[in-house]
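Try each task before reading its solution.

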Amino acid sequence: QIQRQLRAGVTVNGTRYAPIEAWPEQQQEEVDEPSGPTNRWFRVKLLEGRNREIRKVFEHFEMPVSRLKRVRFGPVELPPRLKRGQGMTMPQRKVEKLLQLAQESPGTRTRG
């Protein structure tokens with residue numbers, strides 16, 4: 001099964017990708033072409049985000065990606081209406097929590 005292979009990590013064209021969690025979210029039939037392809041939607045969780053990683057890995061399994069939508073960046077959930085290049089204001093308590101997580105994170109260096 002593809003999900004099992006993704007969780008184990010995948011090598012595509014000599015590049016090893018870290019484990020990826022992916023699960024089907026919904027399936028939607030193409031309205032314009034009833035006999036055409038079906039859109040399959042997946043929710044994907046990456047541990048690291050290499051350039052075009054999702055596209056390359058899914059194409060490896062003959063599942064081309066036509067659209068990606070980021071819904072979360074680390075512990076920060078992104079509002080559904082946030083557009084490319086647009087910013088958002090975070091409540092102070094969330095900023096403090098994010099800074100605390102960053103300080104606790106392995107490999108994080110603090111300047112001093």
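**Exercise 1. Find the partner of Arg43 in a salt bridge, and say which parts of the chain the pair ties together.**

Solution. Start with the pair itself: Arg43 forms a salt bridge with Glu25, and their closest N and O atoms are 2.7 Å apart. A salt bridge here is a side-chain nitrogen of Lys or Arg within 4 Å of a carboxyl oxygen of Asp or Glu. Helices (H or I, at least four residues) and strands (E, at least two) are DSSP runs, numbered from the N terminus.

Then look at accessibility. Arg43 is partly exposed at a relative accessible area of 35%, and Glu25 is partly exposed at 43%. The classes are buried under 20% relative accessible area, exposed over 50%, and partly exposed in between (1.4 Å probe, protein chains only).

Before going on, a word on the ground rules: this is a predicted model, in which local features need pLDDT of at least 70 and side-chain atom pairs count only at pLDDT 80 or more, while totals for chains, interfaces and linings use all residues. Residues are numbered from 1 along each chain as its sequence is written, and side-chain values use heavy atoms, with hydrogens and water left out.

**Exercise 2. How many salt bridges does a search of the whole structure find? Describe those of Arg50 and Glu77.**

Solution. The search finds three. Arg50 pairs with Glu48, with the closest N and O atoms 3.2 Å apart. Arg50 is partly exposed at 40% relative accessibility, and Glu48 is partly exposed at 30%. Glu77 pairs with Arg72, with the closest N and O atoms 2.9 Å apart. In that pair, Glu77 counts as exposed at 54%, whereas Arg72 is partly exposed at 43%.

**Exercise 3. Which residues of α2 are buried, and what follows the helix?**

Solution. The buried residues in α2 are Glu53, Ile54, Val57 and Phe58. Seen down the helix axis, they fall within an arc of 110°, so they line one face of α2; the arc is that of the directions from the helix axis to the C-beta atoms. Just after α2, Glu62 takes a positive phi of about 60°.

Step on to Met63, in the loop between α2 and β5. Is Met63 buried or exposed? Met63 is buried, with a relative accessible area of 9%. Leaving out residues up to four places away in sequence, Met63 touches Ile2, Arg40, Phe42 and Phe58. Arg40 is 23 residues from Met63 along the chain, and their C-alpha atoms are separated by 9.0 Å.

**Exercise 4. Describe the largest pocket and the second largest pocket.**

Solution. On a 1 Å grid over the protein atoms alone, a pocket is an open set of points where a 1.4 Å probe fits, with protein on both sides within 12 Å along at least five of seven lines; lining residues have an atom within 4 Å of a point.

The largest pocket holds about 2,100 Å³ of space. Of its 47 lining residues, Ile54, Leu68, Lys69, Arg70 and Val71 are the closest to its centre. Two or more lining residues come from each of β3 (20–29), β4 (38–46), α2 (53–60) and β5 (72–73). β4 gives the most, with nine residues.

The second largest pocket holds about 180 Å³. Its lining includes Pro75, Glu77, Met88 and Leu101. β6 (76–77) and α3 (92–104) each supply at least two of the lining residues, and α3 gives the most, with four.

Key. Points joined across faces, edges and corners; volume = space filled by probe spheres on them. Contact = heavy atoms within 4.5 Å.
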